[in-house]
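Let's take a walk through this fold together, one piece at a time. Have the viewer open and turn the model as we go.

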Amino acid sequence: MDIWEKWVDHYRKLGIDSNKICKDGIFNEKQYEESSKKILYVMKEVNDWPGGDLRTLFNDGLRIRMWFTIARWTSGILNGFPEYKDIDKNEIYTKDIHKIACINLKKTSGGSISNMAVINAHAYIGRHLLSEQITEIDPDIIIACGTFESLIWLLNLGVNPDNPHEKISKCGKYLVVPFRHPARVNNKKTYEQLRKLLSEYISVKA
């Protein structure tokens, strides 16, 4: 039984229509495997796309503003974080966006505003499948896009309980980066914040 057959079975047992599942994971297997750093973005839920497949999102090009932000972050990580003006170029980041993986904690579609109580409940009940999915994806770097609190218990991260977001956590070979959701951000500012967070762990251009 593959991972999506397991998710279908999981949701059916919860009495939830499995046709509402939106699939996710590695966007392009070949490019992901060949990438210098395997990057996984952990998000909350998709916005109004029941039955969709996140992995097909860029088949017709990069269109949604939020994903342009993720593309820039990805290009920064893969290219040693050059100056923002040097990375903010369509020919660079529209190529690199295909090298990522992305999963949602909640596999059924939501709305424009996420209810974190619902998302955390879904994540906790489906934690065995989320863990299996992350293991299959086998990333080097996990960017927690507003989901770090859930990843603390999902990945059993060692954090300072009084300031859990203060630094990057390690889980085996994974670097788990506490970060923000890519919607409605200052692109240059968040790029620099991510650069600073990762500078201790990966090669960053001076």
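Start with helix H7, residues 127–137, which lies across S1, S2, strand S3 (101–104), S4 and S6. Its direction runs at about 180 degrees to that of S3. Keep in mind that you're looking at a predicted model. Another helix to find is H9 (residues 187–198), which packs on the sheet and touches S4 and S6. The direction of H9 makes about 145 degrees with that of S6.

Now for the sheet itself. Six strands make it up, and it is open, with mixed pairing. Reading across, the order is S1-S3-S2-S4-S6-S5. At the edges stand S1 (25–26) and S5 (169–171); each has a single partner strand, so one side of each is left without a neighbour in the sheet. As for what holds such an arrangement together, strands of a sheet pair through backbone hydrogen bonds, either parallel or antiparallel.

Let's zoom in on S4, which covers residues 141–145. On one flank, S4 pairs with S2 (residues 39–43) in the parallel sense, over four bridges. You can pick out isoleucine 39 opposite isoleucine 141 of S4, and valine 42 with its bridge partner alanine 144. S4 also runs parallel to S6 (residues 174–179), and five bridges join the two. There, look for isoleucine 143, whose bridge partner in S6 is valine 177.

How many of the residues of S4 are buried? Five of its five, so to speak: the strand is mostly covered. Check both faces and you'll see the pattern: Ile141, Ile143 and Cys145 sit on one side, Ile142 and Ala144 on the other, and all are buried.

Next, hop over to helix H3 (residues 65–78) and find serine 75. Is this serine 75 buried or exposed? Its relative accessible area is 0%, and because the cut-off for buried is under 20%, serine 75 counts as buried. Leaving out residues up to four places away in sequence, serine 75 touches Ile87, Ile92, Tyr93 and Asp96.

Tyrosine 124 belongs to helix H6, residues 116–125. With a relative accessible area of 44%, tyrosine 124 is partly exposed, because that class lies between the 20% and 50% cut-offs.

Terms used
Residues numbered from 1 in each chain as written. Predicted model: local features only at pLDDT ≥ 70, side-chain atom pairs only at ≥ 80, totals over all residues. Heavy atoms only, no water. Buried < 20%, exposed > 50% of the residue type's maximum accessible area, 1.4 Å probe, protein only. Pairing = 2+ DSSP bridges. Contact = heavy atoms within 4.5 Å. Axes fitted to C-alpha atoms, helices over the stretch in contact; angles between N-to-C directions.
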